[in-house]
Amino acid sequence: MTEVRSGAAASASLWERDEEVTAVRRAVDTLCSDRSSTGGLLVFQGEAGLGKTALLAETRRIAEKRGCTVWSARGGEILRSVPFNVVRQLLQPALITLMPEEARDYLGDWYGIAGPALGIAEPGDRQADPQGVCDGLVAAVRRLAKRDWPLVLMIDDAHWADEETLRWLAAFAERLDDLSVLVVVTRRPGEVSGQSAQRLDAVAAAAGVSTLSALTPEATAGLTRTALGPHADAPFCREVWAVTGGNPYETVELLAKVHDSELEPVEARAGELRDLNRAARGGGLVARLEELGIDATRFAWAAAILGTGISVDLVARLATMGRDDALRCADLLRGARILTEPDPATARGGEAELEFVHPLIATAVYDSIPDALRTAMHGIAAQVVTDSGYGAAAASRHLLQVHPDDDEELVEQLRKAAREHLAVGAPDAARRCLERALLEPPTPDVHARVLYELGCATLLTAPATTIEHLQLALSMPGLDGDTRVDAVWRLSQALLHNNQLEEAVRTVEAEAARHAPGPTRLRLHAVQYMWEGLHAGETISSGRSEHLAELAAGCTGRDNSERALLILRGFDAMTRGENAEEVVELCDRALVNGRLAPGLGWTDTEWGIELLLMLASAYAYSDRLDRAETLYTEALRAYETAGWSGGHLALAHAYVGLGHRRRGRLREAEAALRESLRLAERVGRGLPLYWTATCNLVDTLLARGHAEEAWEVAERYGFAPPYPSTIVIPDPRSVRGRLLLAVGHTKDGVNELEAAEKAAALRGHHNPVMVPWAADLARALAAEDRPGPPGSQPTSAARPSGSAPTPR
């Protein structure tokens, strides 16, 4: 903010801020009191110019005086499409000072997961899991906080933060109880919508919000006299307040203009304040910029296009001027209070030599660039950024602004950028790049591949969108061989996750019919049978079990398609209650020396998690719990190591809990299932993994005799009809029937168990451990039919009409 007199600008936004400064002091005192103190979170909200940035500067002063380490970052209006932009500003300077070995030591297992997102490590070969990266960033701060305690993190203009940073910030705010860090955030109200707004609101809810108000006339008068001298008369001070509305930033800028123009602060000259104020903002700022000359204007425009990392050399290249001219322009813009040198205390590393005095100025300069020229400058900026070695991902935010022009090279640049975004866990950024590539548009021979890549990018976040893209890609020429088969596989996954299981089966079945007998057709048949095996409704293809048995009979396990068919046959046999020894023998044949084959690991994407969970379940419900638990534990370890902390990790914890439950280790089962449900909550309710966690937790609580707690869990998490279209193990109807009986709803419980019996018979599921309706129904009916004393009436609900089923 502009300095009128020493300390005037800094103090302007602190007038009438005693309550906020007191809150900061109290939070810093709490942080510094003990290394084990819980974290703190402060959120200051206010319109532009009300002093949020100055309040952060005061926070820094207070914290550093107490010996705190302070890291800061700022969101940027034109930088919201840059993934991890703000969190990189925040953490990268502390990490790049470390040697690579030191960074590895501090981040531990999270180095390979969070490191690429922070720009301090090369990404791996696979698409990173966004939730895993988010958790890795939380873990990174936790570890750095121990090294740099007491640590204060400040984020200015959080409403302009990128989506990935906001995801991290919301997760971080939830876990402050075990993080000894103070986080101070500023934001404007109403600037964003959608998911960004939801995450900002979640942060605010965790902290409570302090809303900043404009200065009163009295405070404005005090500031005016501090800046211009005690002789400023009351009518003049009152007019300053009326002109600026008490906005601290506008007040300081206006007083700077008054000072520069040597205007006497008396009532007779107060009428000139409105013209001076117009010159200090909006169109007046643009006019002021133009007065500095065309070179200075070009330099300012180029700086606004870059937005961050503003170095003289980079701006000179974008503005097509020599270094000497660029240095002269930078001096002019500093003198005009448009650009300034970064404060060394808040410098964020890199080559940045300049920054805009205030975000309002940056926005005004950016908006002043003629539309066509702004678009052209973004195109040049993309080339400058690429040539400077920053990579395709860094250049992509500029490419997004370029008008479509049938540019094949631009399409390839955007595809490359999308791959880089996916590698660090930013699928939304990848989606934006690929959607923009489609607008170019791609050449006919590339178009289907861009759609395919777009479908892959949205698979984890938007199954319905994935379906649309992949169906269109498969309808066009350009996808052949393994790529086409993979597209069909991913489309069927998206249909499954979108609760369109029957269409998933039909899609794979139709693709299989296009291929001659051989490995590809065998793989597609296996996928078809896998989805049918997961369907909770009627059998989709007649004679499915017989066909599957015939196919598996000729399989020796020589490749993964044959191994998949053996697993599917074993799972099908288990659900049908066939000989347990034969089930185990089928599953064993699918292994290689007792272990999962290469390409069939838990983090391999060719077959997905569903197949391996079917293998482990076949073992678990054929009483080979040792092998089932080995697989469950391997899954948990694999996902934790890879940083997959979304749905995959939730399912792994659920099945670890299921293993404990089958062993009778009920306390351990409950702990694992509660962790599974916590993770599943983050992924989204209603999904099959959510049902798996809830169903098993209810079942475990009932086994522990905690019927009321089981009922509370069922009510809280919606464990009630309608049930999902995919099967859940154990059968949710059976577990809910048992729950209803346990809490005294006998009639409803009997009805639910009879429904479980009918559904199991329809599906051919006769394994009494997986679908455990029979024993509970038998006990309930026996209690109903037990005769009481002569003349008494039954105390239980009357059984519905129809004969009692014979339990299997």
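Proline 730 sits in the loop between α36 and α37, and in this predicted model the peptide bond that leads from isoleucine 729 into proline 730 is cis, with omega near -5 degrees. Proline 722 is likewise placed in the loop between α36 (707-717) and α37 (732-742), and a cis peptide bond, with omega of about 0 degrees, joins proline 721 to proline 722.

Positive phi values are found at glutamate 16, where phi is near 60 degrees, and at phenylalanine 84, where phi is about 65 degrees. Most residues other than glycine have a negative phi, and most peptide bonds are trans. The backbone features described so far are gathered here.

| Site | Feature | Value |
|---|---|---|
| Proline 721 to proline 722 | cis peptide bond | omega about 0 degrees |
| Isoleucine 729 to proline 730 | cis peptide bond | omega near -5 degrees |
| Glutamate 16 | positive phi | phi near 60 degrees |
| Phenylalanine 84 | positive phi | phi about 65 degrees |

Phenylalanine 84, in the loop between β2 (69-74) and α4 (85-96), has a relative accessible area of 3% and so is buried, the cut-off for burial being under 20%.

The crossing of α10 past α12 is right-handed. On the α10 side the contacts involve Thr220, Leu223, Thr224, Ala227 and Leu228, which meet Thr251, Val252, Leu255, Val258 and His259 of α12.

As for the whole chain, the protein contains 39 helices and seven strands, and its C-alpha trace spans about 105 × 70 × 50 Å along the principal axes. Of the 808 residues, 54% are buried, and of the contacts with a separation of 6 or more, 69% are between residues 24 or more positions apart. The accessible surface amounts to about 33,600 Å², with 49% belonging to carbon and sulfur atoms. There are 85 positive and 113 negative side chains, and the centres of these two sets are 4 Å apart.

How values were computed:
Residues are numbered from 1 along each chain as its sequence is written. This is a predicted model: local features need pLDDT of at least 70, side-chain atom pairs count only at pLDDT 80 or more; totals for chains, interfaces and linings use all residues. Side-chain values use heavy atoms; hydrogens and water are left out. Helices (H or I, at least four residues) and strands (E, at least two) are DSSP runs, numbered from the N terminus. Buried means under 20% relative accessible area, exposed over 50%, partly exposed in between (1.4 Å probe, protein chains only). Contact means heavy atoms within 4.5 Å. Accessible areas come from the Shrake-Rupley method with a 1.4 Å probe; for residues, only the protein chains shown count as cover. Lys and Arg count as positive and Asp and Glu as negative; His and the chain ends are not counted. The place of a charge is taken as NZ of Lys, CZ of Arg, CG of Asp or CD of Glu. A crossing is left-handed if the near helix is turned anticlockwise from the far one by less than a right angle, and right-handed if clockwise.
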